Amino acid sequence: MKNTLPRGHKKLLQAWAFYDWANSVYSLVITSAIFPIFYSAISKKAYEDGNVPEFLKEVNNENIIFVTTAIAFLVVSILSPILSGIADYSGQKKRFMQFFCYLGASCCIGLAFFSFDYLWFSLAMYFLALIGFWGSLVFYNSYLPDVALPHQQDATSARGFSLGYVGSVILLVFCLAMNEFGLYPASGKLLGIDAVQMSFILVGLWWMGFAQYTYAYLPLGNKKDTSAVKNIFTNGFKELEKIWHQLGDNKQMKRYLAAFFVYSMAVQTVMLVATYFGTEEVEWEEGGATMGLIVSILLIQIVAIAGAFIASKLSNYYGNINVLIGINIIWVGICIYGYFVYSPMEFYLTAAAVGFVMGSIQSLSRSTFSKMIPEGNPDTASYFSFYDVAEKIGIVIGMTIFTLVTQWSGSMRGSILFLVVFFAIGVVLLLRVPKIKTSILD
């Protein structure tokens, strides 16, 4: 049987990592590349035509999507402990992962019909696609210690991120070819759908379709004893409370989570605002902004593959915490340099550097936390729910601070420079984390 492969089995590790290939197209096409440019264009036109609800006419067009994003992250942070608790006690972790996968993928298809003519339906599609993506990651990440042995977790996590970068780049290039190089009917429409809309449909189909390989091999989940559980729906919060109390006895994990909360706040903010920074702050040649931004995003994705693997290899020699400290120091330099970026070439260089440290810090952060979970502990979903809630609350705080600093300074440059504070604090907090003794030098 496919779903009875033992922990550490090569095929099981490959199947787990392949979910990154399936779902990362959402991060690239919807979060970073095509959808932001598409939304900017149609929202500006809607405002010019007066085709917006009366109470939104004084609201910046981009703020509509920013607020929707922030609310969605708040919902995910509330939902994840509830759902992880249910998943742990029902033994149905894979089913919950599938539900959120199919929800997110279906709503990506729904984004093909995004329009200010029916704004609330359109925003609901965006909102639910985001919840589906991040909701499925709660369960996906929690599988890492279940499928990989401790010494395999860094490389397996890196493989997942790398597969995600490769897969998402392939689809993005195909979508660009449809839009820019004639791989679409001469009329510009197929069944009444243009190439940009078709890109969103392909994201949903890619995500659902390739996820089937992962689901074929992942175990259903380990059912826990429910005899002492009064309410399975609220038990997730009790699980988080239990994890919180356990942190009191686990100095390593407690200090690491504090550091992760701070530096992840800055990392995720950079990911969410990078395209908008490039649009507003870089001096592109006439008509060159769209393609320039796409090239930058592709550069980030490609370089991130190398970053994830190099971080994994370095961690074998110097330890996870030492490598994370080095990565945060590089982030400090990037943010300082970013303040002075004006030309497209400077932006490309910054994008390459961001890609390298973005892939490495995400991959290594996930596997570092996984290693800190007590061996044999059945509460992996609860631990990763705690990790996920910390990340999502950090995103809301980071985006809020970024917006306020931008409003106060009148430019995103001041906000980018302000992120130096978070990475610097992250370095200080990581220095206080007891080292994980898994490196060759330990």
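Predicted model: local features only at pLDDT ≥ 70, side-chain atom pairs only at ≥ 80, totals over all residues.
Author: Local features need pLDDT of at least 70 and side-chain atom pairs count only at pLDDT 80 or more, while totals for chains, interfaces and linings use all residues. Residues are numbered from 1 along each chain as its sequence is written, and side-chain values use heavy atoms, with hydrogens and water left out.

Reader: Why is Asn-23 called buried?

Author: Its relative accessible area is 1%. Buried means under 20%, exposed over 50% and partly exposed in between, with a 1.4 Å probe and protein chains only, so Asn-23 counts as buried. Asn-23 sits in helix 1 (residues 10-32); helices are DSSP runs of H or I with at least four residues, numbered from the N terminus. Neighbours within four places in sequence aside, Asn-23 is in contact (heavy atoms within 4.5 Å) with Phe-133, Leu-137 and Trp-207.

Reader: What makes Phe-260 and Tyr-387 a stacked pair?

Author: Rings of Phe, Tyr and Trp (its six-membered ring) pair if their centres lie within 6.5 Å; planes under 30 degrees apart count as stacked, over 60 as edge-to-face and the rest as tilted. Here the centres are 4.4 Å apart and the planes stand at 20°, so the pair is stacked. Phe-260 belongs to helix 10 (residues 251-281) and Tyr-387 to helix 14 (residues 380-409), so the pair ties together parts 127 residues apart in sequence. Phe-260 is buried at 3% relative accessibility, and Tyr-387 is buried at 5%.

Reader: How many aromatic pairs does the structure hold, and what makes Phe-35 and Phe-200 edge-to-face?

Author: There are 36 aromatic pairs. Phe-35 and Phe-200 lie 5.7 Å centre to centre with 65° between the planes, which is edge-to-face. Phe-35 is in helix 2 (residues 34-49) and Phe-200 in helix 8 (residues 195-217), so this pair links parts 165 residues apart in sequence.

Reader: How do you know that Arg-413 lies over the face of Tyr-342?

Author: A charge sits over a ring if NZ of Lys or CZ of Arg is within 6 Å of the ring centre and within 35 degrees of the ring normal. Arg-413 lies over the face of Tyr-342 at 3.7 Å from the ring centre. Lys-93 lies over the face of Tyr-143 at 4.6 Å.

Reader: Which residues have the most contacts inside the largest nonpolar core?

Author: They are Phe-35, Tyr-256 and Trp-331, in a core of 139 residues. Such a core is a set of buried Ala, Val, Leu, Ile, Met, Phe, Trp, Tyr and Cys residues joined through side-chain atoms within 4.5 Å. Helix 10 gives the largest share, 15 residues.

How values were computed: Helix = DSSP H or I, 4+ residues; strand = E, 2+ residues; numbered from the N terminus.
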